[in-house]
Amino acid sequence: KAIEDIIAEELRRAREAAKKTSGFTLTPEETKLSASFKSNKGKLPWPVKRGIITGHFGEHEHAVLEGIKINNNGIDVSTNQGAIARSSFDGVVTGVIILPGANKKAIIIRHGEYFSVYGNLNETYVKKGDNVTTKQDVGLIFTDNKKFKTEAHLEIWKITKNGTIKLDPEVWIAKLR
């Protein structure tokens, strides 16, 4: 919900700016960044140096509990303890949040009309308003010592005329060879 709120606020600001012009518009820099982001679909670097996708996008049956469905707004990537999350593309940090109850952090980076979200972080290395570059370290991924699991979370969102849509990050990141 906190991630949705930050992206909704960005959308609200864009709509306010659009009212002053003739419709929903991006700055020339945002337009260029959006086009570049879109042209890199299937080629974006992974949010970690090494990892394997362990949680897929969308609604799925729960692995253990029969009849229960879970919905993943992104993908989960298992990696090594001490691994660092990194930006998948150039952009501007629009939010750094602490997820309530979990004491974990998430970073939202805007790439024109696209957003990438890096979640399940123990520490963050960037703050709101920072410009980031592709593969820049953005935070330390949380390790659950009880489950012996270090898992990064990546989401990709897009602003549209009708609001926002969540995209499957797996089709945006580079394929393993």
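What follows is a walk through this structure, from its strands out to its surface and charged pairs. The model is predicted, so local features are taken only at pLDDT of at least 70 and side-chain atom pairs only at pLDDT 80 or more, while totals for chains, interfaces and linings use all residues. Residues are numbered from 1 along each chain as its sequence is written, and side-chain values use heavy atoms, with hydrogens and water left out.

Let's start with strand E7, residues 104-111. Helices here (H or I, at least four residues) and strands (E, at least two) are DSSP runs, numbered from the N terminus. Six of the eight residues of E7 are buried, so the rest of the structure largely encloses this strand. Buried means under 20% relative accessible area, exposed means over 50%, and partly exposed is in between (1.4 Å probe, protein chains only).

E7 has partners to look at in turn. Strand E6 (residues 91-99) runs antiparallel to E7, joined by seven bridges; two strands count as paired if DSSP finds at least two bridges between them. Strand E8 (residues 114-124) also pairs with E7 in the antiparallel sense, over six bridges. Now look at the turns. The E6 and E7 hairpin has four residues between the strands, and Gly 101 takes a positive phi near 80° there. In the E7 and E8 hairpin, with two residues between the strands, Gly 112 has a positive phi near 70°.

Ser 34 counts as buried because its relative accessibility is 3%. Leaving out residues up to four places away in sequence, Ser 34 touches Leu 26, His 111, Gly 112, Glu 113 and Tyr 114, where contact means heavy atoms within 4.5 Å.

Tyr 114 turns up again in an aromatic cluster, linked by ring pairs with Phe 37, Phe 89 and Trp 172. The structure holds four aromatic pairs. Rings of Phe, Tyr and Trp (its six-membered ring) pair if their centres lie within 6.5 Å; planes under 30 degrees apart are stacked, over 60 edge-to-face, and the rest tilted.

Over in strand E5 (residues 84-86), pick out Ile 84. Ile 84 is partly exposed, because its relative accessibility is 24%. Beyond neighbours within four places in sequence, its contacts include Pro 47, Val 48, Tyr 125 and Leu 140.

As for Leu 65, it sits in the loop between strand E2 (58-61) and strand E3 (69-72). This residue is partly exposed, at 46% relative accessible area.

Finally, the charges: there are nine salt bridges, each a side-chain nitrogen of Lys or Arg within 4 Å of a carboxyl oxygen of Asp or Glu. In one of them, Asp 5 and Lys 1 have their closest N and O atoms 2.7 Å apart; Asp 5 is partly exposed at 39%, and Lys 1 is exposed at 71%. Glu 9 and Arg 12 form another, at 2.6 Å, and both lie in helix H1 (residues 2-19), three residues apart, about one turn of the helix. Glu 9 is partly exposed at 28%, as is Arg 12 at 42%. Elsewhere, salt bridges with shared partners join Glu 10, Glu 30 and Arg 110 into one network.
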